[in-house]
Amino acid sequence: MAAVERAVWTRVGPVAGQVLDLLHARVTEPYAPHLHEEFAVGACTDGLEVIRYRGALHYAGPGSVVILEPGEPHTGGPADLPSFVYRVMYPAADLLYEELARAPRFREPVVVDPGLARELRRVHALLSRAAGPLPAGPLGAEPVQAGPPGAEPLEAESRLSWLLGELVRRHASTPPDGEVRGAGRLARRVMAQLADRLSCPPALTEIAAEAGLSRYQLVRSFRAEVGLPPYAWLAQHRVARARVLLERGCRPAEAAALTGFADQAHLTRWFRRVVGVTPGAYRNSVQDSMPRYR
């Protein structure tokens, strides 16, 4: 059966005051020469793409990341019939890496980096879900929408900042210095901020500005010191607080509301990851194990 071309555009606002366009597409016909005002950063999920860029042909398949600079004419199309499927995001230069005085430059338009390609696909899907349900379509093995709803703002902003910052650090011609002094003190201050605002955590932009750092610097420093990004630390702290409430007899829905989770399902997802059982099962087991006196 012939492949059917399909494209879904989504516009999101993962960072205050900035928009990011996302494309998820199955491509059966080559694009005409064109250019973008923003960077184009993408990853194939199925098939093989061929790109004419700066006078040469470049090939991108699963496990590689495509990085096209603004204002650079290029084409794109399936290298092997019948098609290829990819996810692409179009970040402006200041979103790609806010710390640099000018836009980063990339010598190679295609880099082999399976870990970064997986994270790009994951972040792209997460941001797309956050924008709302997308229409179903023949977009290859990856579903257009699957799994839990999109992430809350702190997670979305942290994941995107980490992804784009790592892209620049690993593959830009002149990567910036990402080291941060006093990482231990910074991590403790961020944890205190998040613990104090369980129900309405500050945006990553706000935390980073107070520390005088870029969003990427803050996430990278925190991860190196704590072993988790800020949003994951916050979720685990919420789970710890929820455990105490469940032990005191709170129902899971009440515990979710009191610890800042969006709803009981959100609590359950994280609770299972951290504790290994559902909140209801944990509450029942704790209640059953409590000594009873006559």
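Residues are numbered from 1 along each chain as its sequence is written. Because the model is predicted, local features need pLDDT of at least 70, side-chain atom pairs count only at pLDDT 80 or more, and totals for chains, interfaces and linings use all residues, while side-chain values use heavy atoms, leaving out hydrogens and water. Helices (H or I, at least four residues) and strands (E, at least two) are DSSP runs, numbered from the N terminus.

**Stop 1: helix α3**

Select residues 153-171, which form helix α3. This helix has 19 residues and reaches 27 Å from its first C-alpha to its last, close to the 27 Å expected at 1.5 Å a residue. The expected span is 1.5 Å times one less than the number of residues. In α3, 15 of the 19 residues are buried. Buried means under 20% relative accessible area, exposed over 50%, and partly exposed in between (1.4 Å probe, protein chains only).

**Stop 2: α2 against α3**

The axes of α2 and α3 come within 10 Å and cross at roughly 150°. Axes are lines fitted to C-alpha atoms, for helices over the stretch in contact, and angles run from 0 to 180 degrees between N-to-C directions. The two helices are therefore roughly antiparallel to each other. Angles under 35 degrees count as roughly parallel, over 145 as roughly antiparallel, 65 to 115 as roughly perpendicular and the rest as oblique. The crossing of α2 and α3 is left-handed. That word applies if the near helix is turned anticlockwise from the far one by less than a right angle, and right-handed applies if clockwise.

Residues of α2 that meet α3 include Leu116, Leu120, Val123 and Leu127. On the α3 side, Ala156, Leu160, Leu163 and Leu167 are among them. Contact means heavy atoms within 4.5 Å. By class, this contact has 9 nonpolar, 1 polar and 6 charged residues. Ala, Val, Leu, Ile, Met, Phe, Trp, Tyr, Cys and Pro count as nonpolar, Asp, Glu, Lys and Arg as charged, and the others, Gly among them, as polar.

**Stop 3: His124**

Is His124 buried or exposed? His124 is buried, with a relative accessible area of 1%. Leaving aside neighbours within four places in sequence, His124 is in contact with Leu22, Leu23, His24, Arg87, Val88 and Met89.

**Stop 4: α4 and α5**

Select residues 183-196 (α4) and 204-211 (α5). Their axes come within 12 Å and cross at roughly 140°, so α4 and α5 are oblique to each other. α4 passes α5 in a right-handed crossing. The contact is made by Leu186, Arg189, Val190, Gln193 and Leu194 of α4 with Ile207, Glu210 and Ala211 of α5.

**Stop 5: Leu246**

Go to Leu246, in helix α7 (residues 230-247). Leu246 is buried, at 0% relative accessibility. Which residues does Leu246 touch, not counting residues up to four places away in sequence? They are Arg251, Pro252, Ala255, Phe271, Pro279, Tyr282, Arg283 and Gln287. Gln287 is 41 residues from Leu246 along the chain, and their C-alpha atoms are separated by 9.0 Å.

**Stop 6: two loops**

Select Pro82, in the loop between β8 (74-78) and β9 (84-90). A cis peptide bond joins Leu81 and Pro82, with omega about 10°.

Finish at Arg54, in the loop between β5 (49-53) and β6 (56-60). Phi of Arg54 is near 55°, a positive value in a residue other than glycine. Arg54 is partly exposed, at 38% relative accessibility.
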